[in-house]
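Reader: I want to go through the terms used for one model. Please show it, then tell me what backs each label.

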Amino acid sequence: MVDAVALQSGALPDWTAVAPALILALTGLLLLVVDSIKPGESENSALLASVATAGSLFAFGVAGWFLIQGTGQARTGGAITLYGDALVVDGMSLFFTLIFTIVAAMVSIASLDYLADQEYQGEFYSLVVFAATGMTLMSMSNSLATAFVSLELASLPSYALVAFLKKNRGSVEAGLKYFLIGALSSAVFAFGISLVYAATGSLLLPEIAAAVGGASEMAGVLGIGVLMLLGGFAFKTASVPFHFWAPEAYEGAPAPVSAFLSSASKAAGFAIAFRVFVEAFPLGQLPAGVEWVVAFQILAVVTMTLGNFAAATQENVKRMLAYSSIGHAGYALIGLAALTANGPNGDVLGASMAHLMVYGFMNTGAFLFVALVEHWGVGKTFEDYNGLGARAPMASVAMSVFMFSLAGLPPFGGFFSKYALFYSAIESGFWWLAAVGAINSALSLFYYSRVVKALWIEDASPSLELGSKPVGLYTAVIFAAVGTLLLLPAFQPVIETAQTVATALF
Amino acid sequence: MVPPEYYLVLSAAIFCIGLFGILTRRNALLFLMSVELMLNAANINLVAFSYVWGNVTGQTFALFTMALAAAEVAIGLGIIMVLYRNFGGVDVTDATTMKW
Amino acid sequence: MSEWIAIGALAVVAVGIPLGMMAVSAILRPSVPEQGKSATYESGEIPTGSARVQFNIQYYMVALLFVVFDIETVLIFPWTVIYRSALSQGASLTEVLLPMLVFIGVLVVGLAWAWRNGAVEWVKSPLAKRRKTERQDA
Amino acid sequence: MIIEALIAATFVAALVVFVAPDEYAGRLAAALSLVPVLGSLWMWAQYDASGNALLGGSIAFETDFVWLALGGLDVHWFVGVDGISLPLVVLTTILTTLAIVSAWTPIDVRQSQFFGLMLFMEANLIGVFTALDFFVWFIFWEAVLVPMYFLIGVWGGARRKYAAIKFFVYTNIASLVMFIGFIALVFGLGDSVSSLRLPEIAMALRGGELGSFAGLNAETLKLVAFVAMFVGFAVKVPVAPLHTWLPDAHVEAPTPASVMLAGVLLKMGTYALLRFNFTMMPDVAKALVVPIAVIAVISVIYGAVLALAQQDLKRIVAYSSVSSMGYVILGLVAYTTYGVGGATFQMVAHGLISGLMFMAVGVIYNTTHTRMVGDMSGMADRMPVTAGIFVAGAFGYMGLPLMAGFAGEFFIFQGAFASTVHSAMPLFTAAAMFGIVIVAGYLLFAMQRTLFGPFRFDGDYEVTEAPVHDVAPLAVLLLLVIVLGVAPDLFFQMIQQAVNPILETGGGV
Amino acid sequence: MVPLPLQSGGGGPTLLPETIANLLGLSGTVGQIVGGLLGAFLIANILLLQTAVAGPWAKRKITAAFTDRISVNRVGPFGLLTIVVDAVRLLSKELVIPDQVDRPAYDLGPLLIPFSALLGFAVIPMGNGIHLADPETGLAFAFAASSIASLGLVMMGYGSNNKYSLLGGLRAIAANLAYEIPLVITGASVVIFTGSLQMSEIVAAQAEPLLSVAGVTIPQWFAFVNPFAFALFVLANLAEVGRNPFDIPEAPTEIVAGYQTEYSSVYFVLIYLGEFVHIFFGGAIAATLFLGGPAGPILPGFVWFLAKIWAFYFFTQWMRSAIPRLRVDQFLDVGWKGMLVLSFANLVLTAIIVGVIA
């Protein structure tokens, strides 16, 4: 075993702490190189997919190793700041990196089959990996500047990915809408940054934190700025009021991309929102009128309620999942909404992070199952799913696991993460937030169980013919299912790590 | 010396013009231009307050914002191209294959 | 500040002179409207169709590349300005040169990819391509 | 570690069966399910603890380690059995094996999935009865629903989808209500508990450590939590106004699933009532004795009356379950050794007997493809063995001496009459006894019309004696019913030891 | 308010507006404005004299000399006044506005072209104190100002409602896109030496001696220091101003006259004028960046400066006579695949060499 302080005491230089991001970036470039050797050749697809998957898994492994070794954590000397404090590597960033990389790996392996007949596969994988790089950097951002740049690095490839099926009207429309709202929200975000800068004179989160207390004459500007930052995060996390894109984009986009966006991209939005709000605008030191916690409380309640109610009325499975992901954004927002000046903030935030981790598995899996179904050419509505359980039992079991887990039923990972979330909220004194969350959770069972019902209980139409059993998609779906299941018995290390690293933020 | 509030008012005005454009225009290209306007409003703030605070952070970041705006336009134009090919126009309200 | 006043003055002059010429011309020139005179020129033929035709997709590819590279120059310029003074103030090459090499390296990978995928290929239609190669072979 | 081994083995068996080919799935499942049977019997033979697991008594086969350290309330992997849970574990394993064997005939599609789910359910049921940490318990508790949902929904009758959804929604909402009630209680306990282990919580509650939470003072909180949990469990039991899912579920479920539903799943509700409401908050239970007893009596009478009005044999048995469960509640609220102990004994007894009845109905249905009383008569003519066992089971149901049902009901009535919690208890008991009369009435009536008299059958099917593997489970069950009736002490002694602490220790805020 | 280091005023030589203001005895903002306007007027006239009168005349003479022809010789000495006559002739011609043109674009385009080139001259030091303004960002400003012209070109191409015009406008844009980056990047390689974008600084940096051979000091003109960059720059500049062999936007034998097909009378004069100013502006930047600006022995700086830009002008006309036009795809290939790569290589190599030497 390597010495626990190895990564801080000189065994490895500090800059290696960004290794996960570097690995992803290099993988992306490597993909471009591979694609340049024989452009447009479809024999390349297996190579491309395996490079993307291997790169993501490598980054996952490195991030996991760092996390276990305690890189950037209190026990090895605290967060590592790099590049003029613009980036910070700490437990939280590594934890989120785990989510992004594993989702990217699952999406890459699944895309091998999904994209079988598509052109521009090299571009697809490199865009996925670049977006993952951006997300990793988002989780490491210690400055609003890097926050914005990395947010765009994550967003821009996503726009292209959503519109990837350029001859499919749905995909194009989804890409357009995602892009329009994304561009708008990034403009709002940039303006918010400029206002925060105007009020505080710095873009570095710690310096902003030091300046906000004295910025009382600019409190109005600061308040508007913070509100606009919130808008930017709301877009990335698909929370109210910038959530409109989500159903459209997820429905229209290629299903692996929907999986990627709704899991990793959402987590990235939360990663950056957590850090920015907690680090730059510490509660208890803010001038009046910048009480962002209240805003998050409202957003959390509205988001989860709206997402769940809208999901309940859908006929299209992908769209239902899209709305459910809005609902889950609402749950995760509790992590910010239940913060207090000196409560057990680390627990709440950590629970939210753990939920995002579990969500990364179950939601990715669910969308990848949709990808599998699309691959078979079966339709999109609940009725089209009828009887799949009899034809494809393994995948259907996996999907049932995802659905029950998303609903928060006990035997699966989603149960513990929701429990931890609500429990921490109650611990912080926000029992009403937990209550709203629990009621929404119960409601969500209704529409999740519709999928399960369609899969197993309804009878298939006689013409239902499934094609081959694609290896890549199956691997990814089963992997996600196993992950979702294992996160129940193995939830303790996850929540413990999450809460430890979250506590380090305060 | 121009008081900093003026910059704020100016940038807010430009931001609002951009926002207005986004809310009222249906042409995707005009939408892009409006977004550029909003980003430039942010740039005005950044550069102006870079001067006010006496550090170059704002100016530097304004450069990054420009670069990102350009990248965004690159992607945006690509999407508008395929929009045109699929829907025969660049009206953002044309694309309604999915229900809202 | 005065620099920009002077530049503004030149801008005024640079607009004023053409406007002045237009004014002089407006006084001098005759106006004899006549049908046919104002027809669009199309090598003597009667113009057909709209002039605002759709043009080759390659224009767009090139424009995109330009947007990317042109903006990168914005990021390169500040570096070139400080490069020498940074060196003379004792910064090591790895600090000031390496990052830019990495930056340009990334750009180069992008360019190579675009090149290989034909983004900078002006002629892309198969027919034109065949003609081009035939001509080269001949 | 025997409990973990039992659960794990059953899970593995479920997986193996799930991927096995359909033709062998039934045999394989039956063979594999013998492992938990033997394991539970071994546990029963080795059982040497005494007292109640929640109230500081010794716990057999205990395992306890921290699973999830979260804030101030750790989740432990904490399992073990006492005199209340061990009989139920034995009941579960035996009944599952018999149900699997009885499913060989009726289940003819997607067998591997069916038997896999049965084993999966068994694993979770064992978990429910052995878990001593609230969380672990709750996970198993909810996990039981999933396979049952599928069993009804996929292999059920014509209206199976409606029945499955109704079952799922009812029980899940109930779980949520119960969960919220219990968690509120735990939060009300504040720092006096450091984990969700049931003994810890039970001791704290009985020790009066409850504080206020969410604006409710301790008294109100306790009351609210009690009601929430009672409602939550009552749906599962089910108790009269909350029972409407049960007939649908039973009628639509395939017979083996009905067996499990009536035989074990309903016992989860009464088990939980005993463990949570009546063990942890005896003061509230005693304060609310009148409404609870009224509900119990209503369940008894109402269930019986409804059964009387049914034509469907399965529905008759289903409603009679409502009635029987009413006795259990009455016994629980009596707070006497015989009352609570009898209730526990009745859980086992009723599990066996109702399983027997459903199976018998199923065997007849397998042959005739109808369950309507009016559609047939004189079945004893063609199916003498089945009919004989059916009649014997019905007698057990009616509480004939030397049958397990008699022992259970006798204990309950004895305990309830002697109860001191409320002066009106004898009155309630007397009222509930009317249920027996009605039960006897309707069972005899249905039996007489279906089994005896001249043979008449309207369907096109040839009616012959059922195959051995259909009848054998019936016989085994009948045997067990008689054994328990003759020697109730096989279980009753350990039950009594476990029940006494509940009565001895007082409680109060 | 802490002043930024970047924004401290340059302490270079006195600029033209100040000189004029001092002469007139004005000061403050009024002085700046009056001085600026007068200086701007002066500079514009110097340029117009050269471009509008001398330029076209020289073009004919040079071309004639290369192709062994007799050129204009009737009006005035050596036919010098021919240009004046031409100007009057064109100005007094009828302005024919074709059908269905997009009026704002059609009218604005010709204005923008001379405007863009003239504006760029604001920052060019021409020697002898003829230097209108010297902002910190001089070089960037110069590139920016000259880029405005492409906007004018596309407006003309689009506004004319003519297929040739549209093609010409688009070709012009493609040309600008392809060669702008090599141009700017090569310019950046010079900035590595100077460490400043200020034109006066760039000129001053070239005043230092490179080496002395037998008592003759050769100044550190960047054309000597980095001839490769100079060659690249001149080439890119040719394309940027649209001269042979890169004149595909006009390409008279392919698309009539490109974007100017539908223009007549004063608009044609403006376009023609603008293009000439543009060529001169290209020469001016090249001279400033690589040839030491107005520096030179014996003769006054202004004369040297004129000589240098005329040399560049001569070079363009030489190319025009000597080299055939590239096909459009070859043209873009050269730009994207050749020049771009070479210019980046140049930048990197320059940076490495400078870094290693320093």
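Predicted model: local features only at pLDDT ≥ 70, side-chain atom pairs only at ≥ 80, totals over all residues.

Reader: Why is the meeting of D:K161 and A:E458 called a salt bridge?

Author: The rule asks for a side-chain nitrogen of Lys or Arg within 4 Å of a carboxyl oxygen of Asp or Glu. The side chains of D:K161 and A:E458 meet at 2.8 Å, N to O. Across the interface of chain A and chain D the count is 1 salt bridge.

Reader: What makes up the side of chain A that touches chain D?

Author: Two or more residues each come from α14 (388–391), α15, α16 (413–427), α17 (431–457) and α19 (491–503) of chain A. These helices are DSSP runs (H or I, at least four residues), numbered from the N terminus. α17(A) gives the most, 9 residues. By class, this side has 25 nonpolar, 5 polar and 5 charged residues. Nonpolar means Ala, Val, Leu, Ile, Met, Phe, Trp, Tyr, Cys and Pro; charged means Asp, Glu, Lys and Arg; the others, Gly among them, are polar.

Reader: How much area do chain A and chain D bury between them?

Author: About 3100 Å², with 77% of it on carbon and sulfur atoms. Buried area is the accessible area (1.4 Å probe) that two parts lose on being put together, so the figure is summed over both. In chain A, the residues that lose the most area to chain D are A:Y419, A:Y423 and A:I457.

Reader: How many residues of chain C and chain E are in contact?

Author: 69 from chain C and 89 from chain E. Contact means heavy atoms within 4.5 Å. The area buried there is about 6700 Å². The salt bridge count is 0.

Reader: Which residues lie nearest the centre of the second largest pocket?

Author: A:F412, A:L485, D:F11, D:L15 and D:F120, out of 40 lining residues. Lining residues have an atom within 4 Å of a point on a 1 Å grid over the protein atoms alone; a pocket is an open set of points where a 1.4 Å probe fits, with protein on both sides within 12 Å along at least five of seven lines. The lining divides into 35 nonpolar, 4 polar and 1 charged.

Notes. Residues numbered from 1 in each chain as written. Chains lettered and ligands numbered in written order. Heavy atoms only, no water.
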